[in-house]
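Here's a short walk through one protein chain, written for someone who likes to see the cut-offs.

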Amino acid sequence: MKLTSIIIPTYNALELVKRTVEAVRQHTDETETPYELIVVDNGSTDGTDEWCAGERVHLLSLPRNTGFPAACNVGLRYARGDGLLLLNNDVTVMPGWLSGLTAALTGIPDAGIAGPVTNYCSGRQQIDVSFADMADFQRIAAERRGRPDLAPVQVQRLIGFCMLFKRELYERIGDLDERFSPGHYEDDDYCLRARMSGFGLLMCPDVLVHHEGSVSFKRSDPGQLQRLVKTNRRRFIEKWRIDPSTFM
């Protein structure tokens, strides 16, 4: 891939964005995997726009909080890369992360999306990681990179916390479905559409990233989050007549 566009949606989470951007810059070799950073700000009032301007990060500033799928779509339409990567603002990447995902995605002809494993998510991408601190986590991630016994695995579902896909796929199936705003099940929907269009999904066990997990939604009422998950699950089933738990 000549260029990967890394799209980071955010809302009032400047400290998380700082950490995520710093990790990308620290752990991504631009000579090996050129990239551009695009922060899509959902109407934050915490100084995100000023910080991005000072850090020379592409900023797409929205007037209000449109939710995760809509913000991702704004970033995707702006992106110049032939690789498109959706990255949550609470993910800390590790050395070799992007080169590992890129190698998997470009190494298998029919692959459309690649994703890492992590300490926190639903489904097969969550692995058991016991670590003392972020330095220890980084050591564990470095030990996993490139291990032949951790080759990419074909899966039916990838989670959108860190998801790299080909522009060819995006041009074929289009944007994330905004009916799932503010979030949950838009990634399940995208993966199903990719598979229906003939693209494979790859989980990369040798690429480990740290995910704090559901930070934006944890700030809201737990009951509200449960209702959102239930509602969007129902929307998925109504759209496809398929239970999404089939793909877990």
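How far is the sulfur of cysteine 52 from the closest cysteine sulfur? The sulfur of cysteine 52 sits 15 Å from that of cysteine 72, its closest cysteine sulfur, which is too far for a bond.

## Ground rules

What you're looking at is a predicted model, so local features need pLDDT of at least 70 and side-chain atom pairs count only at pLDDT 80 or more, while totals for chains, interfaces and linings use all residues. Residues are numbered from 1 along each chain as its sequence is written, and side-chain values use heavy atoms, with hydrogens and water left out.

## Cysteines without partners

Take a disulfide as a pair of cysteine sulfur atoms within 2.5 Å, and the count comes to zero. Cysteine 72 is in no disulfide either; its nearest cysteine sulfur, in cysteine 162, is 12 Å away.

Both cysteine 52 and cysteine 72 have 0% relative accessibility.

## The chain as a whole

The chain has nine helices and nine strands, taken as DSSP runs numbered from the N terminus (H or I over at least four residues for helices, E over at least two for strands). Its radius of gyration is 17 Å, close to the 18 Å that the globule rule gives for 248 residues, so the chain is as compact as a globular protein of that length. That radius is taken over C-alpha atoms, and the rule is 2.2 Å times the number of residues to the power 0.38. Along its principal axes, the C-alpha trace spans about 45 × 40 × 35 Å.

Of the 248 residues, 54% count as buried. With a contact set at heavy atoms within 4.5 Å, 79% of the contacts between residues at least 6 apart in sequence join residues at least 24 apart. Glutamine 26 belongs to helix 1 (residues 14-27) and is exposed at 55% relative accessibility.

Helix 3 (residues 68-78) is mostly covered, with eight of its eleven residues buried. Among them are Phe68, Cys72 and Leu76.

Helix 7 (residues 186-196) is mostly covered too, with nine of its eleven residues buried. The buried set includes charged-type side chains such as Glu186, Asp187, Asp188, Asp189 and Arg193, given that Lys and Arg count as positive and Asp and Glu as negative, with His and the chain ends not counted. The buried residues of helix 7 pack against helix 3, strand 6 (111-118), strand 8 (162-166), helix 6 (167-173), strand 9 (200-211) and helix 9 (222-240).

After helix 7 comes glycine 198, with a positive phi near 95°. Arginine 241, in the segment after helix 9, isn't a glycine but has a positive phi of about 60°. At 71% relative accessibility, arginine 241 is exposed.

Key: Buried means under 20% relative accessible area, exposed over 50%, partly exposed in between (1.4 Å probe, protein chains only).
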